[in-house]
Amino acid sequence: MKHIAFEYGAGTMEASLPDSTDIFIPGETVKDPACIPEEELEKAYQKSLAHPIGMDCLTDLVQKNEKPADRQTVVFIIPDRVKGGEQATSHRKLAVKYMLKELYAAGIKKEHILFIISNGLHPRSTEADALAIFGPELYGDFWHSGQIISHDSEDAEHMVDLGVTRRGDPVSMSRYVFECDIPILVGHVQGNPYGGYSGGYKHSATGITNWRSIASHHVPAVMHREDFTPVNGGSLMRDKFDEISMHMEYKMGHPFFCCDAVLDTRSRQIAIYSGYAREMMPESWKLADQRTYVHWARKKYDVLVFGMPQKFHYGDGMGTNPIMMMQALSAQVLRFKRIMSDHCVIICSSLCNGFFNDSRWPYLRELFENFQHDQMNVLPDMNRLGEYYGTNAEYIRKYRFANAFHPFHGFSMMACGHIAEMNTSAIYIVGAQEPGYARAMGLKTRASFEEALADARKKYVGENPNILALPMTFKKAAVHLCMADSKLDSMDEYGRRPGDLHYGEHDVNQIKAD
């Protein structure tokens, strides 16, 4: 037997699995592409910023603006703490450092620079968050003067309605960004179950807009389509990100200047890309694909085994809150669907102790109760309550002033959460302290990994299933696992299926103009 420890609460739970069990750990089982050595990072940033893809460098943008340099305003759009790393050499910190140097040299005044943390519907950042994101130097230079703020999608005075895209999707965006002379997106090209990658146009389409715009793509009508699972860069959701962000650029009258980094498992920079997102994103994806879409599996797996800590990704309680647990389970289905058999079972450890973390997700306990009543048979049935929650004044106040998630965020979590049910025969939660919460979400419960595997063998996968153990699933930057022979994948990195024109080709320059 193989004895493997999986995440469980703040510790681990051990499983004894058959010797035939395969193990995959991001960044270890298959090594990432080499990161840029720390001593070469400055040179890499300078080279990227001096030769942006598809648009002028920052110095030229300043010089060509009709306003004098000392009157121009610059807004940096910076991701929140959900992704990207916080080490001293993190992409956020270094990208800002080197761009500020160039902007100051071009004549931009420090007092005309604003940093907006693009939290979208995530909790608005605290002072401690800002310090972690920016580091002591940048924090000290800009926090006390009020030049670091967190996006407030419900602040009507500082949002601007830009109408709709040609597809009819509503677009609102931060007025701070809309009215500035030079908007700068700082993003991370890391694997994301929603549309393939973070960064680029996904950053602006989700980080500086409002719930009504996000409701055009983070909903069952988009997320339950066949083009969404497994994760890929050619889904309708990805198209909508691009269209919404390009609509922003059209209305602003100029593009965002982007500086994105392809990151490895430890959030170190593999490469830096700057410029016009429409042209830059496809170039950055070519390298990111090598790290993210890992062609490794030589067989389809009948059982996936992993563990869920209490605190990860969206915050403390994600691994115990039943609705957030469903999103986390489904995110792994999106990443691993290419290597899952048609009758695949998931076995996952979780405290599942009823800790909802009501201060962070004040509405999820009520959503959970709604799901138990009123003919709510599957999670998509809940979507009809989206506007009711999205306009709930008290939950909105908690988002704006108490660092809670926006209430509509729960609906994107539930839309994702149903994907696990759509694509598995069964999901077992092991070690649940309050197993009724798991059963109320349609999950099966057992005391141990061994008991769950025995039941799955009897009912779903037979006596000799192919088992894949995935320790550190929620502790390391994830990959999207694929078959070693890409011709065996059900879908390539860009949404094409076997038989489609260009299936398997790395032609990613397919962004649709708005």
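Aspartate 22 has a relative accessibility of 22% and counts as partly exposed, on a scale where buried means under 20% relative accessible area, exposed over 50%, and partly exposed in between (1.4 Å probe, protein chains only). The model is predicted, so that local features need pLDDT of at least 70 and side-chain atom pairs count only at pLDDT 80 or more, whereas totals for chains, interfaces and linings use all residues. Residues are numbered from 1 along each chain as its sequence is written, and side-chain values use heavy atoms, with hydrogens and water left out.

**Salt bridges**

The side chain of aspartate 22 meets that of lysine 299 in a salt bridge, with 3.3 Å from N to O. Because aspartate 22 belongs to strand S3 (residues 22-23) while lysine 299 sits in the loop between strand S14 (293-297) and strand S15 (301-309), this pair ties together parts that are 277 residues apart in sequence. A salt bridge here is a side-chain nitrogen of Lys or Arg within 4 Å of a carboxyl oxygen of Asp or Glu, and the count by this rule is 21 salt bridges. The helices (H or I, at least four residues) and strands (E, at least two) are DSSP runs, numbered from the N terminus.

Arginine 212 and glutamate 387 form another salt bridge, with their closest N and O atoms 3.0 Å apart. This pair also links distant parts of the chain, since arginine 212 lies in helix H7 (residues 211-214) and glutamate 387 in helix H13 (residues 386-390), 175 residues apart. In the salt bridge between aspartate 374 and arginine 384, the closest N and O atoms are 2.7 Å apart; the partners are ten residues apart, and both are placed in the loop between helix H12 (364-371) and H13. Arg81, Glu86 and Asp129, in turn, are linked in a network of salt bridges.

The accessibility of the other partners in these pairs is as follows.

| Residue | Relative accessible area | Class |
|---|---|---|
| Lysine 299 | 30% | partly exposed |
| Glutamate 387 | 46% | partly exposed |
| Arginine 212 | 39% | partly exposed |
| Arginine 384 | 53% | exposed |
| Aspartate 374 | 55% | exposed |

In soluble globular proteins, nonpolar side chains tend to be buried together. Apart from neighbours within four places in sequence, phenylalanine 76 is in contact (heavy atoms within 4.5 Å) with Val96, Met99, Leu100, Leu103, Ile113, Leu114, Phe115, Ile116, Ile184 and Val186.

Glutamine 72, in the loop between helix H2 (58-64) and strand S4 (74-78), is buried, with a relative accessible area of 0%. When residues up to four places away in sequence are not counted, glutamine 72 touches Leu61, Val62, Asn65, Lys67, Ile108, His112, Asp181 and Ile182.

**Pocket and cavity**

On a 1 Å grid over the protein atoms alone, a cavity is a set of points where a 1.4 Å probe fits but cannot get out, and a pocket is an open set with protein on both sides within 12 Å along at least five of seven lines, with lining residues having an atom within 4 Å of a point. Grid points are joined across faces, edges and corners, and a volume is the space filled by probe spheres set on the points.

The second largest pocket holds about 260 Å³ of space. It is lined by 15 residues, of which Lys93, Lys97, Phe134, Glu137 and Leu138 are the closest to its centre. Helix H3 (91-105) and helix H4 (127-142) are the elements that give two or more residues to this lining, and H4 gives the most, with seven residues.

Three cavities of 30 Å³ or more are counted, and the largest cavity has a volume of about 60 Å³. Its lining is formed by Phe24, Pro26, Gln332, Phe336, Leu470, Pro471, Thr473, Ala478 and Val479.

**Backbone features**

Threonine 229 and proline 230 are joined by a cis peptide bond, with omega about 0 degrees, and proline 230 lies in the loop between helix H8 (220-223) and helix H9 (236-252). Histidine 313 is not a glycine, yet has a positive phi of about 50 degrees; histidine 313 is found in the loop between strand S16 (311-312) and strand S17 (315-316). Methionine 472, also not a glycine, has a positive phi of about 70 degrees and lies in the loop between strand S21 (467-469) and strand S22 (480-483).
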